[in-house]
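Subject: Structure for your review

Dear colleague,

Please find below the structure that I am handing over to you. My findings follow it.

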Amino acid sequence: MNMIQAINSAMDVMMARDPDVIVMGEDVGYFGGVFRATAGLQAKYGKTRVFDTPITEIGIVGVAIGMGAYGLRPVPEIQFADYIYPALDQLVSEAARLRYRSAGEFTAPITVRSPFGGGIFGGQTHSQSPEGIFTHVSGIKTVIPSTPYDAKGLLIAAIEDNDPVLFFEPKRIYNGPFNGHWDRPAENWSKHPGGEVPTGYYHIPLGKAEIVRPGEALTILAYGTMVHVVRGVVEEAGVDAEIIDLRTLVPLDIEAIEASVRKTGRCMIVHEATRTSGFGAELSALVQERCFYHLEAPIERVTGFDTPYPHSLEWAYFPGPVRIGEALRKIMKD
Amino acid sequence: MTDPGARANLPRLSLHVPEPRFRPGDEADFADVTVPPAGSARRPDTAEKADGFHELAYGLIRVLDESAQAVGPWDPKLDPDTLRRMLRYMALVRAFDERMFRAQRQGKTSFYMKSTGEEAVAVAATMALDPDDMCFPSYRQQGILIAREWSLVDMMNQIYSNSADRLGGKQLPIMYSVKERGFFSISGNLATQYPQAVGWAMASAAKGDSRIAATWCGEGSTAEGDFHSACTFASVYRAPVILNVVNNQWAISSFSGFAGAEATTFAARALGYGIAGLRVDGNDALAVYAATRWAAERARTNQGATLIEHFTYRAEGHSTSDDPSAYRSAQESGKWPLGDPVVRLKQHLIALGEWDEERHAAQDKEVAEQVKAAQKEAEANGILGHGLHQPLDTLFDGVFEEMPWHLREQQAQMLAEEEASGRPWARK
């Protein structure tokens, strides 16, 4: 399965298991979603469980919160993460705080799915990575898969979770993993271990990172598309790097990060989102606070630039092999 | 910037900035407010299509006339016991507001919001709903809880953030949450409850339930995007929901003109969405009851949503932090052409021969005593600022269902700070 199919399968499995799971969003019903993530679900589960919505993100999330308060488990889709900003208040002030402010009387067990990230010539309105805005908010979980296997297991866990979850899907690798070279096509998931996805139920607990490549020389923290880009660069450079796929940013698997950095003594953080106040800054601070005496070189951050996502120049913006390679040389020179 | 005189042969454009008609020191005169005779608005069948009675969104549905008689097709014909119960709830809301306002002035809590002049909007509407219908209120509908006979002591515990506050001292005073009385957690962010109410109603419909939802916002909040998103959803899916707009004329110091009231009514907002819109005399408890009953019947028979504008007046300040004398005529409240909702309902009962001034005075005394007794009981659990009423470590409860490591660490840090202070738990 590719990642789209795995995400579709996760919703299918959960809708079959739990009649309270409903799917909603622009174009998700009859058409099955612009990326086909919800294809076939309306035909299978009916229009009251899978339905198209008006184009109003504030309404989509607000209505989902109300449905969650009723007792359903809505899985709303925001068609592109760039469009999540109109819904920001409903997510930040409402979904994230409902349990806290009502002492658990009301909760928002919603899973907001949204494709994010660049590399598809989507320009500034179809390419952004807004995860850092939400990791800053108390009360909301942020999940980002990097393989079809993880996408299905994590999405199932997110739907089962009683807290609001943002599930950001790296659309650059929907169809296959990608090593970061803009002039080379993405691979096929069928040749990748993460492409083997069971058709039935399984879940991957939120808050557990995965060591996708063990190593001794340095630790690289990444998530989503960047896991594959980093892996490609590391293999080409022949560096003995340990690559950790964070999988969930909140809650974060701090134990896995600490254990790895203490072992390797070096840490590089890679994300596609803009640099300033990005999630990499939080990771860098945590590693510094917890592993300072084990560090043999300054922590390196490789990120997108602090600009809007440029359309024709997107490969100059993208933290690809050149930028990551330069950081690798710098961190390994001592 | 272009020289404005460069195209001098064209008429100059001008920007219209709305201005209320009366400011402090002005004589208030509401002669231009159209108050149609009670009983003059028609009452369509609830199955009638929403585009068949647009005039109801521009008029004013009134039941109680100038001689306190209930007249016309909207008269809900309530029995005297129900009317007396309604009057009592409204009097209780007023007494509660009075007492809690004073408690804030005495420094017993940080904040309070009165609903003086708007008691009918919450009380009469709640009585027209079923007890298990779900309410998504704004912050001036304490009457819902009172009409659902929720404990005054519990409400006060929340206002005082004391040891018995079910919300654990985490929420601003008056931002109640009472799930077992169908009262959704109040948000301070405006109109966020609107799409949530529609979502709840849609879920109820999707599950084949029979319960409906109702929500309230102020006229100022109709400018929020949430309001319009909610109306779109409510219309598209024919959600079984009642959308109440409490037009009390003032959003803190901004008069209703800044939400668009100079151009049209708030009930007319419904028309563009294909929703039924009613404009109701919000100080006429019977009109509020009748309109809500009618809207509930539409919702329950799958005819869809109704938007009700309650035309009323905020007789007091926005909150304890507000001074309305700084921005509006002192006479406005007294000159409000639709009178006082408590007085009007009282006069109606007297006109029916079911009430009298003596019983009313006795009831006022009685509800004041009831509130006073509740206050005494609540204050035994503590008041805001007199010690920490909740165990310190509960500060981290409920951010997530299960506490993740970073919160556990911060919790441990806070408890260590408390220990290191040398006076652990001293402020308890």
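A:Pro251 sits in the loop of chain A between β10 (248-250) and α9; helices (H or I, at least four residues) and strands (E, at least two) are DSSP runs, numbered from the N terminus. The peptide bond that leads from A:Val250 to A:Pro251 is cis, its omega being near -5 degrees.

This is a predicted model, in which local features need pLDDT of at least 70 and side-chain atom pairs count only at pLDDT 80 or more, whereas totals for chains, interfaces and linings use all residues. Residues are numbered from 1 along each chain as its sequence is written, chains are lettered from A and ligands numbered from 1 in the order in which they are written, and side-chain values use heavy atoms, with hydrogens and water left out.

On confidence, the predictor assigns the complex an ipTM of 0.96 and a pTM of 0.96. Chain B has a mean pLDDT (the predictor's confidence in each residue, from 0 to 100) of 95, with 97% of its residues at 70 or more.

Phi of A:Asp27 is near 70 degrees, a positive value in a residue other than glycine.

Turning to the interface, 45 residues of chain A and 44 residues of chain B take part in the contact (heavy atoms within 4.5 Å). The two chains bury about 3,600 Å² between them, with 61% of it on carbon and sulfur atoms; buried area is the accessible area (1.4 Å probe) that two parts lose on being put together, summed over both. B:Phe233, B:Phe400 and B:Trp405 supply 18% of the area that chain B buries against chain A, more than any other three residues.

A:Glu105 forms a salt bridge with B:Arg166, with the closest N and O atoms 2.6 Å apart.

Kind regards

Technical notes. Salt bridge = Lys/Arg side-chain N within 4 Å of Asp/Glu carboxyl O.
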